[in-house]
Amino acid sequence: MSELIHSRGARRLLAGAGMIVTAIVFGLPLLTLILASIAGEWTRALPSTLTVAHLRAALGGAQRAALWHSLATGLVATIVALVLGAWGALASRRYPAPVRRGIDALFLMPVAIPSVSIGLALLVAFSHPPLLLNGTVVLVVITHVVLITAYAYTSAQAGIARLPPSVEEMAGSLGAAPSRVLVRVTLPLLLPHLRAAAALGLALSMGELGATIMIYPPGWITAPVEIFSLTDRGSLFAGAAVSVWLLATTFAALRLLDRRRSPRRVALERRRSGA
Amino acid sequence: MGRAHRLSRALVASVPLVVLGVIFLYPFALLAVEAFARPGGGYGFGTFAAILAGHAFRDALFATLRIALTATATCLVLGSALALLIRFVAFPGARALGRLVDVYLAFPSFLVALSLTFLYGNSGLVRSLWTSALGLPAVDASRSFLYGFWGVVLAEVTYYTPFVMRPVLAALEVIDRAQLEVASGLGERPWGVLRRVVFPELVPALIAGGSLCLLLTMNEFGIILVMGVKDVITLPMMIYGKAIDEFDYPAASAVAICNVALSLGLNFTYRQSLERAPR
């Protein structure tokens, strides 16, 4: 590890600098957020009293509903996105390369577009007949599906690329119908990749703010929207409490979804998908 | 395979495309209709002309680019510095940093803005320490730097630096140690080794990480919204304001079309740079 810097003093100095920068830039904000969620009175540098009142309040009334809305939206949108993404990835391999590139572009495009614009487009489109969905929960789910399908699609594609060669043809030549090959051979082999996509999609959906804030109906306020409206009204500690519960719910859901898949793995997948 | 069979397969294969067409392409088509429609009927560039004539759009475009470029440049410097330290100094907590940085990315970005409010905001931790250390009155009327350009940049740097660190760390992994030892054995100073041997190997990773960072910071919205920044209006903030505060959907749509064109152009460049970069 010491190919570059031989002087022990210089190494110590640099190590110290690395630790301090890390602590200030990445560690401090997270700690402060958690501290704020349990702060009673905070008029000096540090809270003078600690309380669980905010955390408890966030588990009742509108804030509890918001957490539930986020979880429910995330789960439904993730399932729809998985079906859509996997179906698209399985179908696109049958097409010639230029067509496939077009399909790839279509599926990946939402990742590159600012989420506010996606929200606005859906708001404009579904406020007109024939598809009048403005003010419904369905529109919230559709919005989240648009935002996360790309990840399901890339994960399924990565899985398809790693399928053992000709395993499907083999099953087919042994007399299995295409639907049976899909259910018994292809999908089980894709499952780890789809799980990864599900974890990532759930995390992204539960934290989504930019598009949701354009289209949410008054009866379906999600946790990020609730956090924004709390902090916008000056209820910073209540906002911090909902944030802590949102993070806890997200992590718990990820754990349940896949015991081996920690938030760390989710983040890795996210970067690998290029967004 | 029969013709009917092939037709049914093609139909099955087209289902996801049709769904995506309805929930993604159709909305953007209507967004364009909204932006190009004339109030009296027919289509034209009227809304765009009005938007482009005003200062608001130019200011928002300028603010978006300024924030994104400043944040990306800082992410590149900080991200590569930390990655180099992790690789060559291996300070205590370097592994923990790798993990912490990963956990960060499962967070929504706007939580960084909220956290920084408690740290550097008007009544935040740092300000209280500062005022009590200098014996200033506890209530300071001036606004913290956080609610302006530098606050947004700080939050974006905090959130997006990992997006640079990851590819740089991956590129550092594949550099041949023997090469570094030969270079320093030949009397090259550490800085020279970094510049002449390490840096050229990092260029593709820096380009890929930097363009991803630029794309994401240009599209960033949650951080600016939650921070409550009033005097920095980026393009996404302008779209939000036009649509939600002013109910001016045609103007919001026209700005959105411009913003989408900008982001897709940038994304295209990013994909190109990825293809050129060795994995």
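Colleague: How far apart do the C-alpha centres of domain 1 of chain A and domain 2 of chain A lie?

Modeller: This is a predicted model, in which local features need pLDDT of at least 70, side-chain atom pairs count only at pLDDT 80 or more, and totals for chains, interfaces and linings use all residues. Residues are numbered from 1 along each chain as its sequence is written, while chains are lettered from A and ligands numbered from 1 in the order in which they are written. Chain A is divided into domain 1 (8–37) and domain 2 (53–272), with bounds from an automatic or database domain assignment. The separation between their C-alpha centres is 33 Å.

Colleague: Which helix of chain B gives the most residues to the side that touches chain A?

Modeller: Two residues are in contact if their C-beta atoms, placed from the backbone, lie within 7 Å. On that basis, 69 residues of chain A meet 77 residues of chain B. Helices are DSSP runs (H or I, at least four residues), numbered from the N terminus. With 14 residues, the one that gives the most to the side of chain B is helix H1 (residues 3–36).

Colleague: Is B:Phe163 buried or exposed?

Modeller: B:Phe163 is part of helix H7 (residues 149–173) of chain B. A residue is buried if 20 or more other C-beta atoms lie within 10 Å of its own, exposed if 12 or fewer, and partly exposed in between, with C-beta atoms placed from the backbone. Because B:Phe163 has 26 C-beta neighbours inside 10 Å, this residue counts as buried.

How values were computed. Helix = DSSP H or I, 4+ residues; strand = E, 2+ residues; numbered from the N terminus.
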